[in-house]
Amino acid sequence: MNWPQHGSNPNYVYEYMGLPMPKAVIDFSVNLNPLGSPAGIERKWSSWFAAVDDYPDPTGKELVERIAEKEQLPMESILLGNGAAEIIALLARMFAGKRVLLIQPTFSEYERTCAAYGCSVSYVTLTEGKWELQPDELEAELAAADVLFLCHPNNPTGIIYSEDFLVKILKACRKHDCYLVMDEAFYDFLAEPITMAPMINDFPNLAVIRSLTKMYAIAGLRLGYLLAAPEVIEKLEAYQPHWSVNALAMLAGKECLLAEDYGYRTRTFISTERKKMVHSLRGQGYLVSDSKVNFYLLRDPELDDQLPLFLFLLKRGIVARHTANYHGLHGRWLRFAIKQTEENDILMEALTAWKNKD
């Protein structure tokens, strides 16, 4: 079956499933902030219209300055991108032909993009359920790798590791002359954020990917950035097209960084909703990943392939994220975002109905 590659755009899901799309649909496949964009973006949007009749600053200097201040890193260690997806593509080009190691299950774009640049890709596939990473197993694989892509917090499981454990991985990568790419697209959803960004100055083999589209719900604008050693940033800049990031995205990015209480409100809301959902779903017999962010994996243990549950929900206007293209999951789980309370309650009612359908 030719599954859609990512969440969002539910019309494609209904088309592939051969189902009519209901008039009312709740898309749980999109793992953006359920509180929406910061209010300042909508308030200032019309005043930004004048920015569309000129080319944007190709360096994004003002936004880079604000990121540098936030991250306590030099501007030379920051590269803006057209979403995290462009950053991943630029890194894949830099690693063209190299040996790439992935901790599975993980974001599918790493493999797809690296393969397009002739990389050989190998895996460490974690056991379903707890998805624990064993240091000894990873160490053996690092000896044969040029670069490790590590998604943390992980997409799609939502699990995290301790900062000490991540530092051990970073040091092991340096020992084996392996580059570490940390994708921290969801780090700011953590109640106690864990980040490798402060290690950039001491580890030239480290790059940290960040996304502004997730926390600030601006996926349509596409905005992300990379933190890395200046020599790496300079190399990637040579690959990047001029005006890669549009003027509206940069204006929105600056506004997002001004919304200081926005992250706190988001984390508080998501933590409350996630705990409610997980407690109830586990009580009904569902298996749920130990997620610490704004999405989680769910499995009905009475099914191997979750396709019947996936279709049941689609017919009720509820779109889950399939896992058919996640290595190590292969459709045995479904991913759901945390959304507004009313929407989460509708999902809960549907999953309860599924359990009681007989």
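What percentage of the 358 residues of the chain count as buried? In this predicted model, in which local features need pLDDT of at least 70, side-chain atom pairs count only at pLDDT 80 or more, and totals for chains, interfaces and linings use all residues, the share is 54%, where buried denotes under 20% relative accessible area, exposed over 50% and partly exposed the range in between, with a 1.4 Å probe and protein chains only. Residues are numbered from 1 along each chain as its sequence is written, and side-chain values use heavy atoms, with hydrogens and water left out.

The secondary structure of the chain comprises twelve helices and twelve strands, both taken as DSSP runs numbered from the N terminus (H or I over at least four residues for helices, E over at least two for strands). The radius of gyration, at 20 Å, is close to the 21 Å that the globule rule gives for 358 residues, so the chain is as compact as a globular protein of that length; the radius is taken over C-alpha atoms, and the rule is 2.2 Å times the number of residues to the power 0.38. Along the principal axes, the C-alpha atoms fill a box of roughly 60 × 55 × 35 Å. The chain exposes about 16,100 Å², of which carbon and sulfur atoms supply 51%, as computed by the Shrake-Rupley method with a 1.4 Å probe. Among contacts with a separation of 6 or more, 73% are between residues 24 or more positions apart, a contact being defined by heavy atoms within 4.5 Å.

Two strands are regarded as paired if DSSP finds at least two bridges between them. Strand β3 (residues 99-104) has five of its six residues buried, so it is largely enclosed by the rest of the structure. Six bridges join β3 to β4 (residues 120-125) in the parallel sense, with Leu101 having Ser122 of β4 as its bridge partner, and the chain passes from β3 to β4 through helix α5 (residues 109-116) in a right-handed β-α-β crossover.

The parallel pairing of β6 with β7 (residues 206-211) rests on four bridges, and Met182 has Val208 of β7 as its bridge partner.

The largest nonpolar core has 98 residues, and those with the most contacts inside it are Leu148, Leu206 and Leu309; such a core is a set of buried Ala, Val, Leu, Ile, Met, Phe, Trp, Tyr and Cys residues joined through side-chain atoms within 4.5 Å. Helix α7 (residues 163-175) contributes the largest share of this core, namely seven residues. When residues up to four places away in sequence are not counted, the residues that Leu206 touches include Leu170, Tyr179, Leu180, Met182 and Leu227. A second, separate core of 27 residues includes Phe95, Ile209, Ala228 and Leu236.

Ser77 lies in the loop between α3 (61-71) and β2 (78-81) and, at 1% relative accessibility, counts as buried. Beyond its neighbours within four places in sequence, Ser77 is in contact with residues including Ile200, Leu227, Ala228 and Ile233.

An open sheet of three strands has the order β9-β10-β12 with antiparallel pairing. Strands β9 (287-288) and β12 (334-337) stand at its edges, each with a single partner strand, so one side of each is left without a neighbour in the sheet. Strand β10 (residues 295-299) is joined to β12 by four bridges, and Leu298 stands opposite Leu334. In helix α11 (residues 307-315), the buried residues include Leu309, Phe310 and Phe312, and the buried residues of α11 pack against α1 (10-17), β10, β11 (318-319), β12 and α12 (341-355). Just after α11, Gly317 adopts a positive phi of about 80 degrees.

Key. A crossover is right-handed if, with the strands pointing away from the viewer, the path from the first strand over the helix to the second runs clockwise.
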